[in-house]
Amino acid sequence: MAPLIAAQLAVFALFVTAVSTATTGYHNHTVGGAAGWSFNSTTNTTATNYTSWASNQTFDLGDYLIFNTNSNQTVVQTYNKTTYLNCTADDTDNGTFVYDSGSSSFGESLTIAVPLTIVGQNYFFSDSSDGVQCQHGLAFEIDVQNGAGLPPNLNQPPPPPYQEPPGPDAAQSPPITVAQSPTGGAFGGRVDMRFTVYVLGAAVLLLLQFQ
């Protein structure tokens, strides 16, 4: 009876763990809710209060921010508070990323998904209209928690740096590695025995030829 109860408890524990994992998994956060990520350039007002929206959310590694917007706005993500306060994307800052459609069309609808991959303060703003949108509230900051950690698809090392292949004038023979003969030890003994077998085999073949 005791083993049966133990097995039942083990199954129940696994079930609780699975439910807990499902309820604490990764989430998509639609920025601004139904209002989206939008700015009225006529009244210089945002579609909603993004700071208030962010304050009611819990953000973890592996979550995504979904920006439902259009080409009139940009999405700038930065870990640099100074860049955030200046409302200007710094091209020299490796911790600042600008997401846009690359479209020259005015008001083209688009959806931008931004993964959260670094714990701590993450800043978001639009630098369109020379930072005017950001200055009038199209900006917010969040505090990203570790949660369940990064999922495997976001936890990959960066690719190695690209190297220009050598031109025809710079062609060189590849380096050659010369294996050193082993000395002593079990490996050396195996090599010596293999050589002995080869010699004996050759001798047998010679004898057969003369018969």
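In what order do the 5 strands of the open sheet stand? In this predicted model, the order is β4-β10-β9-β6-β7, and the pairing is mixed. The edges are taken by β4 (59–60) and β7 (96–99). Each of these two has a single partner strand, so one side of each is left without a neighbour in the sheet.

**Overall composition**

The secondary structure of the protein amounts to 5 helices and 10 strands. The protein has 211 residues, of which 27% count as buried. Among contacts with a separation of 6 or more, 71% are between residues 24 or more positions apart.

**Strand pairing**

Strands of a sheet pair through backbone hydrogen bonds, in a parallel or an antiparallel sense.

| Strand pair | Sense | Bridges |
|---|---|---|
| β9 and β10 | antiparallel | 6 bridges |
| β1 and β5 | parallel | 3 bridges |
| β5 and β8 | antiparallel | 7 bridges |

Y123 stands opposite E141 in β10. H29 faces L65 of β5 as its opposite residue, while F67 has I112 in β8 as its bridge partner. Strand β5 is mostly covered, since 5 of its 7 residues are buried.

In soluble globular proteins, nonpolar side chains tend to be buried together. The largest nonpolar core here has 20 residues, and those touching the most other members are V31, W37, L65, F67, F124, F140 and I142. At least two residues of this core come from each of α2 (50–55), β5 (64–70), β8 (109–115) and β10. A second, separate core has 8 residues, including V76, Y84, Y123 and C134.

Which residues does F124 contact, beyond its neighbours within four places in sequence? The partners of F124 are L65, F67, V76, Q77, Y84, V114, L116, A139, F140 and I142. Of these, L65, F67, F140 and I142 are also listed among the members of the largest core that touch the most others. V76 and Y84, by contrast, belong to the second core.

**The disulfide**

The structure holds 1 disulfide. It is formed by C87 and C134, with sulfur atoms 2.1 Å apart. The link of C87 and C134 is left-handed, with -60° about the S-S bond. Distant parts of the chain are joined by this pair: C87 lies in the loop between α3 (81–86) and β7, and C134 lies in helix α4, 47 residues apart.

Are the two cysteines buried or exposed? C87 has a relative accessible area of 7% and is therefore buried. C134 also counts as buried, because its relative accessibility is 7%; the cut-off for this class is under 20%.

**The loop at S128**

S128 is found in the loop between β9 (120–125) and α4 (132–135). Although S128 is a loop residue, its relative accessibility is 13%, so S128 counts as buried. Apart from neighbours within four places in sequence, S128 is in contact with N72, Q73, T74 and Q133.

How values were computed
Residues are numbered from 1 along each chain as its sequence is written. This is a predicted model: local features need pLDDT of at least 70, side-chain atom pairs count only at pLDDT 80 or more; totals for chains, interfaces and linings use all residues. Side-chain values use heavy atoms; hydrogens and water are left out. Helices (H or I, at least four residues) and strands (E, at least two) are DSSP runs, numbered from the N terminus. Buried means under 20% relative accessible area, exposed over 50%, partly exposed in between (1.4 Å probe, protein chains only). Contact means heavy atoms within 4.5 Å. Two strands pair if DSSP finds at least two bridges between them. A nonpolar core is a set of buried Ala, Val, Leu, Ile, Met, Phe, Trp, Tyr and Cys residues joined through side-chain atoms within 4.5 Å. A disulfide is a pair of cysteine sulfur atoms within 2.5 Å.
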